[in-house]
Amino acid sequence: MTQEIPTRWLSTPLGRRCLATEQRLVRRTLERMFGEQCLQIGIWGSTDSFLPYARTQRATSLEWRDGLIASMRSRTDRLAVASDSVDIVFLPHTLELIPSPHVLLREVDRVLRADGYLVVLSFQPSGPWGLRHLLSRRGYPPGHQRLIREGRLRDWLELLSFEIGTRERYCHTLALEQIRRFGTLPKERWASSWLPGLGGGYLLSAQKRVHPLTPIRRPWA
């Protein structure tokens, strides 16, 4: 079955507002991360929606779907990327669109260098957005196979020895494409603090931690 690409949804007033908010949050997050290589897995918006914000020496995009232009094409359960070669991995709603998100996270763990960063964008499975997703035959936004709870994502990352970093919630609005002024809370920062359950999406960053093993010598050795 051909997977639906939510390009049309991103051209709606709500989609454009959501993408603009995500660009602002990702820019603020990536400006604190440095290294040689940033890898974006999955195109969301266009190929240059996020990668220009990377402070690394190189920035590369990777896709698994037909019909989207990227620097590389690869399966998500077996990334065509060398182990310990990437400083930052960025997943813009990628985990919601692939069959096995936990398998991709293991691959991300493999390709990231020690102390490398992971940045994830995801929609909330609760609140107005989660209800719209539950009631939509094609998922919501269209093409999304699932929405992942922030707590579940944290559990997955902690099992892989990631240290959870920043978290931002955004799009405190009704899940209506033709959004009007009444459907949006005026101040995202205020709504994020006092009405977190109404947020449509969240950004989560984490850092890969590798704990070296110290050999213990036996007293008679």
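Which pattern does the protein follow when read along the sequence? The pattern is α-α-β-β-β-β-α-β-α-α-β-α-β.

1. **Basis.** This is a predicted model, in which local features need pLDDT of at least 70, side-chain atom pairs count only at pLDDT 80 or more, and totals for chains, interfaces and linings use all residues. Residues are numbered from 1 along each chain as its sequence is written, and side-chain values use heavy atoms, with hydrogens and water left out.

2. **Inventory.** The protein has six helices and seven strands. These are DSSP runs, numbered from the N terminus: helices are H or I with at least four residues, strands are E with at least two. Of the 221 residues, 48% count as buried. Buried means under 20% relative accessible area, exposed means over 50%, and partly exposed lies in between (1.4 Å probe, protein chains only).

3. **Surface and contacts.** The accessible surface comes to about 11900 Å². Carbon and sulfur atoms hold 53% of that surface. Areas come from the Shrake-Rupley method with a 1.4 Å probe; for residues, only the protein chains shown count as cover. Among contacts (heavy atoms within 4.5 Å) with a separation of 6 or more, 70% link residues 24 or more positions apart.

4. **The sheet.** Seven strands form an open sheet in the order E3-E2-E1-E4-E5-E7-E6, with mixed pairing. The edge strands are E3 (72–73) and E6 (162–172), each pairing on one side only. Two strands pair if DSSP finds at least two bridges between them. Strands of a sheet pair through backbone hydrogen bonds, either parallel or antiparallel.

5. **The E3 side.** Strand E2 (residues 58–63) pairs with E3 in the parallel sense, over two bridges. Here Glu-63 has Arg-73 of E3 as its bridge partner.

6. **Strand E4.** E4 covers residues 86–92, and seven of its seven residues are buried. Strand E1 (residues 37–41) pairs with E4 in the parallel sense over three bridges. Val-89 in E4 is the bridge partner of Leu-39. E4 also runs parallel to strand E5 (residues 112–123), joined by six bridges. From E4 the chain crosses through helix H3 (residues 101–111) to E5, a right-handed β-α-β crossover. Right-handed means that, with the strands pointing away from the viewer, the path from the first strand over the helix to the second runs clockwise.

7. **Helices on the sheet.** Helix H2 (residues 13–30) lies across E4, E5, E6 and strand E7 (199–208), at about 150° to E6. Helix H5 (residues 150–159) packs on the sheet and touches E5, E6 and E7. Its direction makes about 160° with that of E6. Axes are lines fitted to C-alpha atoms, for helices over the stretch in contact, and angles run from 0 to 180 degrees between N-to-C directions.

8. **His-133.** Beyond its neighbours within four places in sequence, His-133 is in contact with Gly-139, Tyr-140, His-144, Gln-145, Arg-146 and Leu-147.

9. **Leu-176.** This residue lies in the loop between E6 and helix H6 (188–194). Leu-176 counts as partly exposed, because its relative accessibility is 39%. Leaving aside neighbours within four places in sequence, Leu-176 is in contact with Leu-14, Arg-132 and Tyr-140.
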